[in-house]
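Please go through the points below with the model open beside you. They are meant for someone who has not seen it before.

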Amino acid sequence: MTVSKYMSLKDRLELYSIPIPESGCQIWIGACFSQGYGVLQYKGKNLKAHRVSYQEHVGLIPDGKHVCHHCDIKSCINPKHLFIGSHQDNMRDREKKNLGGNSKKTHCKNGHEFIEENIIYEKGITKLKRRCWTCHRNRQRNNDKRPRKTNVRWNIDKKKKLYIVKPKKYINES
Ligand SMILES: [Zn+2]
Ligand SMILES: [Zn+2]
């Protein structure tokens with residue numbers, strides 16, 4: 001599929017994201033900033049995809065305000081999961097939801113760091129859970145000696161019900 005630069009932003013948001021029915025998230029599968037937010041290139045600028053989605057579907061973002069996630073999935077661009085807040089609101093919201101336990105872990109049980117590049121999402125009952133990409137890949141290598149495509153961006157592992165959502169590349173925010 002080719003992307004025309006004349007395509008509307010809404011169409012591009014749709015083309016570069018996939019819905020996760022269980023959580024309602026719309027996960028960005030284009031390039032991501034290294035902190036995990038989707039990147040949309042527009043008129044030579046790198047824009048955050050969730051902010052573009054908010055502006056396209058909801059309205060203008062007041063100056064200096066953040067667009068925060070109810071679902072805590074940074075690459076989610078579903079406008080219904082987005083709200084306007086300050087950085088402090090974002091922090092308070094996280095505390096309120098008590099994202100203790102696993103979401104505070106910085107490393108997996110095998111010691112791989114939970115940075116965005118190393119996270120895949122597994123469907124939970126109410127939200128997506130974080131899983132370690134390195135461990136998942138190692139398990140797959142052990143289970144299956146056949147050569148694999150290494151550029152798999154996402155797929156749905158039906159047996160394990162694991163959503164593997166990996167952006168194709170990461171961009172450092174300038
Ligand atoms: Zn979401
Ligand atoms: Zn790991």
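1. Lys 43 counts as exposed because it has 6 C-beta neighbours inside 10 Å; exposed stands for 12 or fewer other C-beta atoms within 10 Å of a residue's own, buried for 20 or more, and partly exposed for anything in between, with C-beta atoms placed from the backbone. Lys 43 sits in the loop between strand 4 and strand 5. Its phi is near 50°, a positive value in a residue other than glycine.

2. Asp 72 also has a positive phi, about 65°, and is not a glycine. It lies in the loop between strand 6 and strand 7. Asp 72 counts as partly exposed, since it has 18 C-beta neighbours inside 10 Å. Most residues other than glycine have a negative phi.

3. On conventions: this is a predicted model, in which local features need pLDDT of at least 70 and side-chain atom pairs count only at pLDDT 80 or more, while totals for chains, interfaces and linings use all residues. Residues are numbered from 1 along each chain as its sequence is written, and chains are lettered from A and ligands numbered from 1 in the order in which they are written.

4. The protein has four helices and twelve strands; these are DSSP runs numbered from the N terminus, helices being H or I of at least four residues and strands E of at least two. Of its 174 residues, 25% count as buried.

5. Which residues of helix 2 (residues 49-57) are buried? They are Ala 49, His 50, Val 52, Ser 53 and Tyr 54. Their cover includes helix 1 (9-15), strand 2 (25-28) and strand 4 (39-42), and also strands 5, 6 and 7.

6. The largest nonpolar core has 21 residues, and Ile 27, Trp 28 and Ala 49 have the most contacts inside it. Such a core is a set of buried Ala, Val, Leu, Ile, Met, Phe, Trp, Tyr and Cys residues joined through C-beta atoms within 7 Å. Strand 2, strand 3, strand 4, helix 2 and strand 8 each give two or more residues to this core. Beyond four places in sequence, Ala 49 touches residues including Leu 13, Trp 28 and Ile 77; a contact requires C-beta atoms, placed from the backbone, within 7 Å.

7. Mean pLDDT, the predictor's confidence in each residue from 0 to 100, is 76 for the protein, and 67% of residues reach 70 or more. Confidence is highest in helix 2, at 96, and lowest in strand 10 (residues 154-157), at a mean of 46. Over residues 146-161 pLDDT stays under 50. Where pLDDT is low, the predicted coordinates should not be read in detail.

How values were computed
Contact = placed C-beta atoms within 7 Å.
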